[in-house]
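Let us take a walk through this model together, beginning with a single pair of residues and widening the view step by step. Keep the structure open beside you as you read.

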Amino acid sequence: MMAPTFPFSGVVGNERVKKGLLAALVSPDVTGVLIRGGPGTAKTTLVRGMAGLVPGVDIVNLPLNVTEEQMTGSLDLEGALTQGEVRYLPGLLRRAQGHILYADEINLLPEKMVHLMTQSCDVGDGPEGNPREARSFLLIGTMDPDEGELSSHLMDRFDMVLDVTETNDAEIRKEILRRVLEFSLERSVSIDRFSSEEDRLRQRISEARDLLKYVTLAPGHIETIAQLARDLGIEGSRGGIAVARTAKALAALEGREEVILDDVKMAATLCLAHRRRIDRDQGEEEPVAEDSPASRPVDREQTQTTAGESGGMEVTGPSAPDRVIPIGTGPDLADIFVPGRTTARPIHSQEGKRGRVISDRRRGRYIASRMPTGRPQDLALDATLRAAAPFQGSRERGELAVSILPSDLREKVRMSKSGSTIIFLVDASGSMGVKERMATVKGTVLTILTDAYRKRDSVGLVIFHRNTADVLLQPTRSVHAAYKKLREIPTGGRTPLALGLIKANDLLCSCRPLGKRQERSLVVISDGRANVPLAGGDPFNEALDIAREISRTTVRTVVVDTGTGMPRIDRGERLARALGGSYLRLEEMSSAQLARTIRASAET
Amino acid sequence: MERCRSTYPFAAIVGQEEMKEALLLNVVYPMIGGVLIRGEKGTAKSTAVRSLAEILPRRMVVSGCPFRCAWGDPDRYCSYCQERMASGEQLVVEHVPMRVVELPLNATEDRVAGTLDIEHAIKTGKKRFEPGLLAAANGNILYVDEVNLLDDHIVDLLLDAAAMGINYVEREGVSFAHPSRFIMVGTMNPEEGELRPQLLDRFGLTVDVSGDMDIGKRKEIVERRISFERDPDRFREAFFSEEDRIRDDIISAQNIMGRSIPSDDVLEMAVQTCVHLGVDGHRADLTLVKAAMASAAMRGRDKVGKEDVQRVAGMVLPHRMRRTPFEESDLNQKELNAWMCARFPS
């Protein structure tokens with residue numbers, strides 16, 4: 001079934017995104033397009049609207065509940081059981097051939113599946129003179145970056161990555177509102193209103209598709225593309241090829257047989273933004289901003305490139321650093337607490353490795369089946385039936401419709417997202433009373449907690465001061481609960497570091513990991529100047545002993561040294577060594593940086 | 001109308017006007033997108049949702065359709081109904097009561113999305129789709145208690161279906177799609193964790209309920225509860241006429257709903273309010289207008305006025321103001337009202 005779709009030409013604004021999608025329809029060489037944007041930004045509407053723009057090209061939906069077998073195809077159960085025939089039942093990837101395969105929320109799919117999709121849409125260059133077979137299907141994915149990013153190597157697989165933007169222009173928003181309301185209240189009127197425009201669009205695409213094979217790309221432009229790719233620090237050749245193909249399609253859409261510089265520029269903004277190597281540290285906040293000193297103008301004329309188009313990567317332009325905050329991102333919380341802090345040193349972190357794990361309990365998404373080792377725990381009936389089906393003719397079945405032997409049994413492979421547990425052990429002794437220091441710490445905890453939304457982490461809080469260590473916050477994902485506790489951390493008194501470590505470790509041990517690979521981290525925020533003995537010994541040495549105990553567990557550790565000024569004492573570093581964890585210095589970072597670094601240290 | 005024995009009557013719930021209004025608006029106009037009810041334990045959240053079943057009007061569906069396709073919109077009929085139409089069959093309308101379908105926290109993916117009918121496959125060797133909760137919820141209310149505790153992958157399924165109103169199933173050898181347009185109603189206790197932003201955004205309205213009220217009302221709550229437990233049938237009988245009246249109100253509101261697109265003034269006000277509050281996403285603009293339309297209809301008007309926008313703003317906007325996630329009160333209703341009155345004098 002197919003729901004009635006809002007006409008493509010009825011979507012207001014986002015011209016760049018529409019252009020990209022049209023180019024993808026025109027050129028059979030474009031195999032993958034990723035659309036990113038916050039909720040309610042017409043991502044899905046645009047993709048749906050593409051149905052029927054090229055006659056015979058439909059949308060094939062890839063839902064989140066898809067299983068691997070369903071994607072690649074499997075034995076036809078019905079044929080096997082009823083006729084004893086072994087027949088292949090084509091999967092979604094086959095059924096999508098010649099159509100658009102649409103994966104909504106593609107970032108929530110298991111990475112392996114996305115990989116499978118990107119691979120099978122791209123069957124390489126088609127036979128000479130027959131470019132239409134170059135792609136098996138057009139893959140379109142949509143995603144909300146707030147729910148998690150795609151890894152960069154998967155992103156690279158997409159020819160274009162288009163960011164949809166929203167406008168705050170009241171007139172435009174009103175127009176959008178009017179059109180959407182009309183569509184839901186008087187659908188036929190609404191569809192009629194755009195029917196002639198849709199016809200023109202179809203005509204234009206059809207002409208462009210015919211024209212495409214005659215479109216030429218001058219050697220000069222090819223050089224420009226190569227230069228651009230190099231200057232933007234783009235690895236591999238995919239980016240450049242995508243630009244060339246897209247530029248041709250854009251020229252064809254304009255009815256031109258020759259690619260002009262404008263086409264190249266537009267194509268570059270569509271195809272290269274996501275391929276730039278951006279320092280992760282900046283990448284979080286400024287994914288598409290022009291800020292790399294490596295990108296220097298390729299052509300003087302290009303300065304005006306995409307002015308007016310919001311959210312795009314500027315191909316050129318002097319290095320005025322535009323901050324582009326993606327939709328849905330809150331303010332930098334750190335700034336609430338510590339305004340005006342600047343970057344102290346670049347931070348290189350790896351992509352988070354955790355996030356999705358094969359779940360060993362009976363929960364999570366059923367993604368595939370496998371032969372069980374030993375007794376099957378979580379029987380995959382469908383796969384079991386398929387395994388048994390081909391042999392039904394030769395088996396003694398008695399009264400049964402299907403005879404199943406132990407060798408047929410298959411079990412489910414499930415995947416679930418795993419968040420980690422992060423415990424903050426915060427020194428609340430007198431030395432932390434310095435206002436700004438505590439503010440940074442609070443900012444850091446809050447930033448990480450906000451992230452807990454999408455990473456499914458729990459954050460707990462233990463403080464130590466005077467003669468005690470207290471669990472201020474049991475591990476939670478509730479921002480509200482944490483905020484209330486954080487606001488009122490009392491500071492003052494001495495520093496019972498050893499006691500704090502014991503308390504934090506107890507808390508970590510008490511949060512039972514959900515899966516074997518569930519990660520637990522401990523972040524110690526202190527200057528290490530322990531001065532309350534635990535058992536009458538040297539307070540700091542006692543703390544080191546406990547730290548060594550903790551280092552023998554699977555807990556990842558980070559020490560944030562709050563000590564400042566000279567002479568520097570190395571207690572924080574020694575503590576970090578004893579814990580076997582990473583070491584950071586508070587005075588060098590803002591809380592936002594700190595939060596990212598802690599994350600990175602906790603994840604790798 | 002059949003009455004379920006054990007349900008506390010909707011009309012007997014004391015106070016909690018905003019919650020009741022939010023629920024009724026959605027029944028009148030399901031396109032609003034559901035309600036999220038936030039509050040501590042014991043604030044009649046679940047009671048209200050479950051009791052709603054009693055006052056829900058009947059709806060028109062295609063007779064004999066396993067998915068209860070909404071009558072009169074052939075473009076959105078399921079594949080069975082479309083096949084029947086294509087074969088020249090004259091479809092017949094049937095009136096069925098709207099239901100509250102509950103999604104338990106421990107529901108499996110199979111149960112929610114639907115799956116291969118294993119029994120049928122083993123018995124006959126033929127594949128058949130066994131509908132899940134998303135099929136049962138079509139045209140009805142899908143209720144998730146403690147929605148913030150729902151497993152992520154189940155939430156994904158809900159979001160997927162809610163996005164298009166269609167549940168696409170590609171699993172266990174079954175490839176199937178059926179309509180799944182439901183009113184999502186969730187309840188949660190914010191102390192137990194937050195909701196994923198994407199899911200939060202899908203809820204058209206949110207209401208915060210709290211237990212603190214004046215002594216007189218609290219006394220009344222206890223008294224009613226006691227007399228309900230002593231003799232449920234008699235207690236319920238006492239509210240029959242009241243419940244019938246609410247149902248009639250819903251039906252007449254449904255009849256005048258959506259006759260026309262609201263005036264430019266109303267659209268202007270909705271957009272300006274969202275822009276003023278820094279609310280992202282066109283969904284906010286749209287929901288504000290839709291809720292205002294339903295609110296006007298509940299009051300017997302097919303023309304939406306500015307006061308309707310103002311009335312519902314407090315339910316539409318608070319959870320969409322993501323720019324200030326840590327402020328104690330995300331939206332000060334009084335301030336907002338004052339601003340709206342000053343900005344849009346009627």
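Start at A:Val426, whose bridge partner in strand 14 of chain A is A:Ile525. The model you are looking at is a predicted one. Strand 11 (residues 421-427) and strand 14 (residues 520-526) of chain A run in the parallel sense, and six bridges hold the pairing.

Now step back to the sheet around them. Six strands of chain A form an open sheet in the order 13-12-11-14-15-16, and the pairing is mixed. Which strands stand at the edges? They are strand 13 (468-476) and strand 16 (582-585) of chain A; each has a single partner strand, so one side of each lacks a neighbour in the sheet. From one strand to the next, the twist averages 15°.

Helices lie across this sheet. Helix 18 (residues 497-510) of chain A lies across strand 11, strand 12 (458-465), strand 13 and strand 14 of chain A, and runs at about 155° to strand 12. Helix 20 (residues 571-579) of chain A lies across strand 14, strand 15 (556-561) and strand 16, running at about 180° to strand 15 of chain A.

While you are here, have a look at the loop between strand 12 and strand 13 of chain A, where you will find A:Arg466. Most residues other than glycine have a negative phi. A:Arg466, however, has a positive phi near 50°.

You can find A:Asn14 in the segment before helix 1 (15-26) of chain A. A:Asn14 counts as buried, because 25 C-beta neighbours lie inside 10 Å.

Next, turn to strand 7 (residues 160-163) of chain A. Both of its faces are covered: A:Met160 and A:Leu162 are buried on one side, A:Val161 and A:Asp163 on the other. Strand 7 of chain A pairs in the parallel sense with strand 1 (residues 32-36) of chain A over four bridges. Within that pairing, A:Leu34 has A:Val161 as its bridge partner in strand 7 of chain A.

Helix 12 (residues 261-271) of chain A is largely enclosed by the rest of the structure, because nine of its 11 residues are buried. Among the buried residues of helix 12 are A:Val264, A:Met266 and A:Leu270, and also A:Asp263 and A:Lys265.

Let us now consider chain A as a whole. Chain A contains 21 helices and 16 strands, and 50% of its 604 residues are buried. Of the contacts in chain A between residues at least 6 apart in sequence, 78% join residues at least 24 apart.

Finally, look at where the two chains meet. The contact takes 67 residues from chain A and 65 residues from chain B. On the side of chain B that touches chain A, helix 7 (residues 152-164) of chain B gives the most, with eight residues. That side of chain B divides into 27 nonpolar, 14 polar and 24 charged residues.

How values were computed. Residues numbered from 1 in each chain as written. Chains lettered and ligands numbered in written order. Predicted model: local features only at pLDDT ≥ 70, side-chain atom pairs only at ≥ 80, totals over all residues. Contact = placed C-beta atoms within 7 Å. Helix = DSSP H or I, 4+ residues; strand = E, 2+ residues; numbered from the N terminus. Nonpolar A, V, L, I, M, F, W, Y, C, P; charged D, E, K, R; others polar. Pairing = 2+ DSSP bridges. Axes fitted to C-alpha atoms, helices over the stretch in contact; angles between N-to-C directions. Buried ≥ 20, exposed ≤ 12 C-beta atoms within 10 Å, placed from the backbone.
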